[in-house]
Amino acid sequence: MNILDKIVLRKKEEVAAAKALVSVQDLENSVHFNRTPYSFKEFLLAKDRTGIIAEFKRRSPSKGLINGIADVAEVTQAYNAAGASALSVLTDVDFFGGKTDDILAARATNHIPILRKDFMIDEYQILEAKAWGADIILLIASILTPQQINDFGKFAKGLGLNVLLEVHNLEELERSICPNLDAIGVNNRNLGDFTVDIQTSFDLVNKIPNEFLKISESAISNPQTIKELKVAGFNGFLIGENFMKTDNPGTAIREFVTQL
Ligand SMILES: O=P(O)(O)OC[C@@H](O)[C@@H](O)c1c[nH]c2ccccc12
């Protein structure tokens, strides 16, 4: 069993526990549930933003502890002020150190799109995302059937949420593509064995139909890489560790964007 299998097994328990604690009705009655999510596309293509989707991530299975003290409200505000087009907030508890309140805290002080970064396996999690004030959900091709991707995408879009599909190779891309998506992300990290290779993005970019926003995800640590990814056709760049591993992620992103 690889790490992804373990995460999905645990996720099923986590979702079952959450359902027992908070009803769908409660989610639908939450303050944010009826807000209109921001358009991912609008912010990603805005000329006064950088295309960076800046991630708040305390730990990961591949790196262990990345940052145990950073404050989610403080860091996401600094990301926003530095010109991030969107925020990504990890909500997985056991493997990424997320807290269920993290999206709420980021939402309270930021007026740009927020991605609920998690392993979505159940419609209930999409309702949670809406209830917490997220704007975008992630669907990971390697853990979902094409039917699930289509159904979850449709369900999310019905709630006004934006949908980001994550793929790692051509086979996943070809089998998963469907109309209920806004953006397609190429993950440069293989979630099964943690190997990283930016070349994955360059290899797949031209296979993504132009109607979708194109995002390169993971292992980006150099502004020069962003320039090259832009030339190749990418609209967005998901960066976590490069900022979070520093003492001050807000300062790190500010210095990074001056070199773009
Ligand atoms: O920290 P990095 O290497 O900049 O990567 C960020 C992001 O792409 C990564 O956290 C990620 C991409 N896809 C995921 C799916 C689940 C959890 C995490 C991820």
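Biologist: Which residues of H4 meet H12, and which ones do they meet there?
Modeller: Val75, Ala78 and Tyr79 in H4 meet Pro249, Gly250 and Ile253 in H12. Contact here is C-beta atoms, placed from the backbone, within 7 Å. Helices (H or I, at least four residues) and strands (E, at least two) are DSSP runs, numbered from the N terminus. This is a predicted model, so local features need pLDDT of at least 70 and side-chain atom pairs pLDDT 80 or more, while totals for chains, interfaces and linings use all residues. Residues are numbered from 1 along each chain as its sequence is written.

Biologist: Nice. At what angle do H4 and H12 cross?
Modeller: The axes of H4 and H12 (residues 249-258) cross at roughly 10° and come within 8 Å. That makes the two helices roughly parallel (under 35 degrees; over 145 is roughly antiparallel, 65 to 115 roughly perpendicular, the rest oblique). Axes are lines fitted to C-alpha atoms over the stretch in contact, with angles from 0 to 180 degrees between N-to-C directions.

Biologist: And what classes of residue make up that H4 and H12 contact?
Modeller: Five are nonpolar and one is polar, with no charged residues. Asp, Glu, Lys and Arg count as charged, Ala, Val, Leu, Ile, Met, Phe, Trp, Tyr, Cys and Pro as nonpolar, and the others, Gly among them, as polar.

Biologist: How far apart are the axes of H4 and H5?
Modeller: The axes of H4 (residues 72-81) and H5 (residues 102-109) are 9 Å apart, at an angle of about 50°. H4 and H5 are therefore oblique to each other. On the H4 side the contact uses Val72, Ala73, Thr76 and Gln77, and H5 brings Asp102, Ala105, Ala106, Ala108 and Thr109. By class, that contact has five nonpolar, three polar and one charged.

Biologist: Switching topic, which residues are closest to the ligand?
Modeller: Glu217, Ser218, Leu238, Gly240 and Glu241 are the closest, out of 15 residues surrounding the ligand. Being near means a C-beta atom, placed from the backbone, within 6 Å.

Biologist: Which elements supply that shell?
Modeller: Strand E10 (236-239) and helix H11 (241-244) each give at least two residues. The shell has six charged, five nonpolar and four polar residues.

Biologist: What's the helix and strand content over residues 4-256?
Modeller: That stretch is 42% helix and 17% strand, and its end C-alpha atoms are 31 Å apart.

Technical notes
Contact = placed C-beta atoms within 7 Å.
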